[in-house]
Structure formats: C-alpha cells, structure tokens
Amino acid sequence: MVSRVIPVDDFDLVIFGATGDLAHRKILPGLYRRFEAGQIPASSRIIGAARTEQDDAAFRDEAFRAICDHSSVDKDNPQLQEFLGLLGYVAIDARGEGGWQALKDRMRPGAVHAFYFSVAPALFGDIAERLAGHGIAHDDSRIVVEKPFGRDRASARALNATLAKHFHEDQIYRIDHYLGKETVQNLMAVRFANVLFEPLWNAQFIDHVQITVAETVGVAGRGSYYDKSGAIRDMVQNHMMQLLCLIAMEPPYHFDPDAVRDEKLKVIRALQPVEPADIVRGQYTGEGSDYLTDAEDPASRTESYVAMKVRISNWRWQGTPFYLRTGKKLRARTSEIAITFKEPPHSIFDDSGVPKANELVIRLQPNEGMNLKVMIKEPGPGGMRLVQVPLDMSFADALGADGADMPDAYERLIMDVIRGNQTLFMRGDEVEAAWAWTDPIIEAWEDGKRRPEPYDSGSSGPDEALRLMHRDNRRWREIRS
Ligand code: NAP
C-alpha cells in the first residue's frame, strides 16, 4: 500500500542549532526525505542558524554530507541538489544581537513561518525573546521546542512562562518524538477505530499492562549529559508517560489537538504517587561496560534503569496496575506495550488444559506490529486439548509498506508543524503535570543515600525488578528483539 503524500503549504523553516547533531542526524535528512516524497513545495526555504560563521554554500555542503551520512539516499539524485537549493544560512548567537536583521530579511511574507529550537534548552528563552524583540516572529509563527522541557516542574513552569511571554500556546510545538512513531499513533486507531477492544479496555477485563523500552546502548560518549538526567527524566517523564496516556485515556470526543491532550492530561492527574516499594532503580555494570566509567563520576547515583508499578485512580483502571521499565545496556533493543487480559472466569474444558489469559502486544520497535495471543484447539485427533497461538501482524507485511518509505517520527512531526496540527505535541499543562508526578520520586532518590541496584550489562535488569513483579504473582515479558 503506497502512503498518500499531501503537500504542505509553502514555508520558511529556521533551524536554530543547524550545525548540531540532531539537525545532522534527523532534521535535515528528514526534510530531504519529505522533499523527495513530494511533500515540500519547491518554493519553501530552510534557513540554518548557529554561531558558526559560514555562508549558504558552506551550509549546503554541510547539509549534503549530513544527509548522505545519515540516510540511505542516492547522492546523484538531482532532487538532492534541488533540495539543497532551498537551504540558506545565517550566523546568529542566540545570546547576542547580531544576525537577527539578516534573518528577518530572509523571511518571506505569506509563507508559513516555523522556528525549530534544536539547541540546548538554556537557549530556548533567549531565542524566543529575540525572535519577538526583533519583530521576526508574528502571531502565526510556530516554534518547535526540543526535549528536555525542564528538569522538574518548577523549571518546566518557568520555561512555559518565558515562552508564553512571546508566543501563544497554539504556536508552541513541544516535541516528544515518540508521538511521531507510526505505532504510537496506531494505538489510537486500534483503540478508537475498532469496536473489538474498547469494551474490554478496563480493569474488569485487563489484569495488567507492561510498557517496556529497552536499549542495548550505554551512555558512553554522552555520559556527562545523561548523568544529570537518568532514566526517569530521560524516558519515563516524557516518552513512557505518553505511551501510558494513550493506553489509559478515555476516548476523546474528536481527533482534535485539545480533545486528545485534555484526555491525556486527565490520566496524568489521576496517577497515584509511587510508593518507594514499587520502584526499582538500576545501574549497569560489567567488565568494559560500566555505567560509573561511562558517566565519568565514579560515585554517580544516577539510574540507567528504572522499573515501577503505577496505579491510575479512576473508574476505568482501579485495580489494574501498569508496570513500566526502561533501561540501557539491556539484552535487546525493544519497545513494546503488552496488555494482559484476565483469565476466563470458568473453564468448560476440564481435562484439556486451563485457558490462558489473552495477551495483546503492540510492538513499537523493532518490526512494528501487533500480536494477539488466543486459545485454540491443538490440531490433531487427540481429543480437545487447548493451546495458545499468536495472531501476529507486522504492519510492514500487512500494509505491504516498505519500511524505508515510512516517514520517521521527525519527518512526520515537522510536517505537522507546518500544517499547524498540534495533536502529536505536548501541551504546557501536560508537561508540568508529568513533572509534578515524577518530582517526588526524584527528590526522594536525591535525598536518600541508597545506590541504584547493579545489573549486568546485557541482562534483563536488576533482580529486584523481577521481584517487583513476582510479589504480585506476575512476571515481566522476556526482553528480546
Ligand atoms: P549539539 O550537537 O550540541 O548542537 C547544538 C547546536 O546549537 C549547534 O548547532 C551549535 O552550533 C548551536 N549553538 C550552541 N550555542 C549556540 C548559541 N549561543 N547560539 C546559537 N546557536 C548555538 O546538540 P544536539 O544534540 O543537536 O541537540 C539539540 C537539542 O535537541 C537539545 O535540546 C537536545 O536536548 C535535543 N535533542 C537531541 C537529540 C539528539 O539525538 N541529538 C535527541 C533528542 C533531543 P554552534 O556551535 O555553531 O553555535
């Protein structure tokens, strides 16, 4: 099935931090892919901005290298040269006053104006202030703000207040790239475009939910950044919280930005504080692969792994726990949501084996898809014996889609910015509410002296995390790709 490409309006996109890692690896290659797909009008302009002094031609060379290095493109495709022709560059120090007039002169009246803040969060306020102060941004301009959005509720609130001085909420696009993933959006389609699941989607029929985001990489190379963050700030407060919200939220009245975000916010507000006994922190260890070496601080107490049991206080979920776990240097790279239904209340098959609980697994990576485990009769003449089998669907196979043709999260989200669709972006109150829930957990860790539990690199995490489940007579799904 070929995905439909609907071109966006003519736009001027300014990328602050255009010489940085994110711009090189994701933003520029992503924009080229959208151009190649015919989604970006040839009249559009993409303007890089950073302190490095260079001209348009040098930035185009830099973009060419970045695109070739970070995506599988045909270097000789004439479309690539055409795309580079859309690029320009202005040298700007976010904290200085030079360069802003040159940027203003490049902005074309009538085009959609978007400003991507792909710089350190400490510069978000400076850029917002100068865009407004120099009369570059207007009421229809959009700003795209990268993560992390604050490091606690107070800093997120302060950042919201700074941005709000210059931009309305409907101009601010806070990126959580997880929301741009195909499967994450599919969660909403599966739940709200089928009659099959929704009647069962509650504590009466669901025993528990497991959300796993496992990585095989460690923090070597970015240890000093990660050490100030840790798994809860880096993964739980944003990406995993978003997954949890999409699984747990009530049906929005419409697929509309505020209707969806209102429902997600209600879930975050209904989260109970996490008991210390319901959370496990870990740090990977091992010969040649040790967090304390990678993080550079031999006494660091930052967690590279966290597992927790989360309860949602509302009618739908009373009594159904959500178990979240994420970590680095685990045995496989995988992201999935597993919904375990309750066992049938009564078995009519006395001697044939007990029916097992149905399980719906939604795979985010690798091989995006869904797997529903159902009971059937074991084939053969041996009488009625039950066996559990998977109804397995890979989205790529089912849709005949070539994975390479699927827009990646950044591509999709940038196009949504140009379209003015905020559904897949976090609202300010949502981010603050998520921090309000994680702050007490982080404060308790920072106040306490306890070290994270060590776990072997390449394992499934600390033993204490297994016990968190065993205590409830449940078990984690195996981490495998
Ligand atoms: P980076 O590689 O350090 O790049 C930073 C960029 O900011 C460079 O282009 C740098 O260029 C520019 N810059 C620094 N100081 C500046 C100033 N005073 N005025 C104007 N430009 C300035 O960082 P990154 O990894 O691309 O990350 C950018 C943002 O994305 C951060 O907020 C990060 O948390 C977020 N993010 C990154 C990733 C990722 O995979 N990299 C993933 C998720 C989120 P000059 O030195 O030329 O000024």
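Trainee: Why is threonine 302 called buried?

Mentor: Buried means under 20% relative accessible area, exposed over 50%, and partly exposed in between (1.4 Å probe, protein chains only). Threonine 302 has 12%, so it counts as buried. Keep in mind that this is a predicted model: local features need pLDDT of at least 70, side-chain atom pairs count only at pLDDT 80 or more, and totals for chains, interfaces and linings use all residues. Residues are numbered from 1 along each chain as its sequence is written, and side-chain values use heavy atoms, with hydrogens and water left out.

Trainee: What is threonine 302 in contact with, leaving aside neighbours within four places in sequence?

Mentor: Contact means heavy atoms within 4.5 Å. Its partners include Tyr226, Asp227, Gln283 and Pro452.

Trainee: What makes H10 and H14 roughly parallel?

Mentor: Helix H10 (residues 257–269) and helix H14 (residues 428–447) pack at about 15 degrees, with axes 9 Å apart. Axes are lines fitted to C-alpha atoms, for helices over the stretch in contact, and angles run from 0 to 180 degrees between N-to-C directions. Under 35 degrees counts as roughly parallel, over 145 as roughly antiparallel, 65 to 115 as roughly perpendicular and the rest as oblique. So H10 and H14 are roughly parallel.

Trainee: Which residues meet there, in H10 and H14?

Mentor: Arg261, Lys264, Leu265 and Ile268 from H10 meet Asp429, Glu430, Ala433 and Ala434 from H14.

How values were computed. Helices (H or I, at least four residues) and strands (E, at least two) are DSSP runs, numbered from the N terminus.
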